[in-house]
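Please have the picture open while I talk.

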Amino acid sequence: MIWIFDSIILIFLVVTAIISLQVKDLLSAAMIFGVYSFLMCLLWAGMAAVDVAFTEAAVGAGVSAVFLIATVLRTSRRSSD
Amino acid sequence: MEIFEAISTKINYWVYIVIMMIGLYAMIAKNNMIKKLIGMSIFQTAIILFYVSIGVKEGATIPILYHDQVHGAHDDHHEADTSHGENGVVESHATDIHINPDEFTNPLVHVLMLTAIVVGVSTLGVGLAITQKLHREYGSIEEHEILELIKSGK
């Protein structure tokens with residue numbers, strides 16, 4: 001049963017990674033990267049690495065997303081690719 | 001059927017390779033600096049995924065000792081000590097704490113990867129600071145536009 005759970009999250013991981021790199025709007029890219037990080041956090045909680053999971057939730061998803069959004073707001077929001 | 005088993009039992013490693021190559025492609029082929037940095041973060045999380053996958057065991061739980069696993073064994077030790085004390089036999093039961101390592105995932109890789117997460121967010125912060133500096137200097141965060149500006153002597 002945990003195998004199905006892991007497989008669904010891993011498929012969504014690849015999908016969100018591709019979408020966050022393909023979308024033209026950089027603010028959307030930052031938010032979808034936050035979704036990617038939270039999915040990674042769920043996966044690690046499922047793999048019994050809870051310390052890594054909540055570090056990723058706080059530092060990876062939270063602080064990284066804030067840094068990216070701050071940079072997008074201070075520079076330009078459109079991307080050429 | 002064997003191929004299906006080879007993929008399904010090691011699906012973490014297959015997905016790790018796919019995600020790492022997506023991040024590497026973004027670092028090389030994307031023109032936007034922020035896209036490059038998102039690719040770098042995806043690359044780093046893929047490597048962390050690989051390392052955490054190494055420490056996983058089938059049917060194992062989180063590497064935290066329960067209260068009775070430590071103190072229950074200690075109480076047994078105490079009772080055994082008093083009962084044997086009457087016979088004048090002193091036995092050390094310190095090695096009687098039964099902790100089966102198969103019940104826990106390997107915590108070594110978790111500790112290593114905690115450092116890797118913090119290093120990852122630090123490199124992302126430095127990269128984004130350089131991106132802001134470039135935007136202030138050249139008015140663009142696209143690599144090819146900045147290269148054109150440098151080539152034309154600004």
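Let me begin with charge across the contact: between chain B and chain A the count is 0 salt bridges. Please keep in mind throughout that this is a predicted model, and that every value I quote has been computed from it. Polar contacts do occur between chain B and chain A, with 9 residue pairs counted at pLDDT 80 or more for both partners. On the side of chain B that touches chain A, the elements giving two or more residues are α2 (11–29), α3 (33–54) and α5 (107–138) of chain B, and of these α3(B) gives the most, with 12 residues.

How much area is buried between chain B and chain A? The figure is about 3,700 Å², and carbon and sulfur atoms give 74% of it, while the contact itself takes 43 residues from chain B and 41 residues from chain A.

In soluble globular proteins, nonpolar side chains tend to be buried together. Here the largest nonpolar core has 43 residues, and the ones with the most contacts inside it are W44(A) and I19(B). Both chains supply this core: α1 (2–22), α2 (26–46) and α3 (50–74) of chain A each give two or more residues, as do α2, α3 and α5 of chain B, and the largest share, 10 residues, comes from α2(A). If we leave aside residues up to four places away in sequence, I19(B) touches L13(A), V14(A) and Y36(A) in one chain, and I42(B), A46(B) and L49(B) in the other.

Turning to chain A by itself, there are 3 helices and 0 strands, and buried residues make up 51% of its 81 residues. Among the contacts in chain A with a separation of 6 or more, 59% are between residues 24 or more positions apart. One pair to look at is V15(A) and Y36(A), which are 21 residues apart along the chain and whose C-alpha atoms are separated by 8.9 Å; V15(A) is found in helix α1 of chain A and is partly exposed, with a relative accessible area of 38%.

Finally, where are the salt bridges? D25(A) counts as buried because its relative accessible area is 14%, which is under 20%, whereas R77(A) is partly exposed at 43%. D25(A) also touches R78(A), and a polar atom of the D25(A) side chain lies 3.4 Å from the backbone nitrogen of L27(A).

In the other, E143(B) is paired with K36(B), with the closest N and O atoms 3.3 Å apart; E143(B) is in helix α6 and K36(B) in helix α3 of chain B, 107 residues apart. Here K36(B) counts as buried, at 15% relative accessibility, and E143(B) is partly exposed, at 26%.

Key
Residues are numbered from 1 along each chain as its sequence is written. Chains are lettered from A and ligands numbered from 1 in the order in which they are written. This is a predicted model: local features need pLDDT of at least 70, side-chain atom pairs count only at pLDDT 80 or more; totals for chains, interfaces and linings use all residues. Side-chain values use heavy atoms; hydrogens and water are left out. Contact means heavy atoms within 4.5 Å. Buried area is the accessible area (1.4 Å probe) that two parts lose on being put together, summed over both. A salt bridge is a side-chain nitrogen of Lys or Arg within 4 Å of a carboxyl oxygen of Asp or Glu. A polar contact is a pair of N or O atoms within 3.5 Å; within protein, one must be able to donate a hydrogen and the other to accept it, and residues adjacent in sequence count only if both atoms are side-chain atoms. Helices (H or I, at least four residues) and strands (E, at least two) are DSSP runs, numbered from the N terminus. A nonpolar core is a set of buried Ala, Val, Leu, Ile, Met, Phe, Trp, Tyr and Cys residues joined through side-chain atoms within 4.5 Å. Buried means under 20% relative accessible area, exposed over 50%, partly exposed in between (1.4 Å probe, protein chains only).
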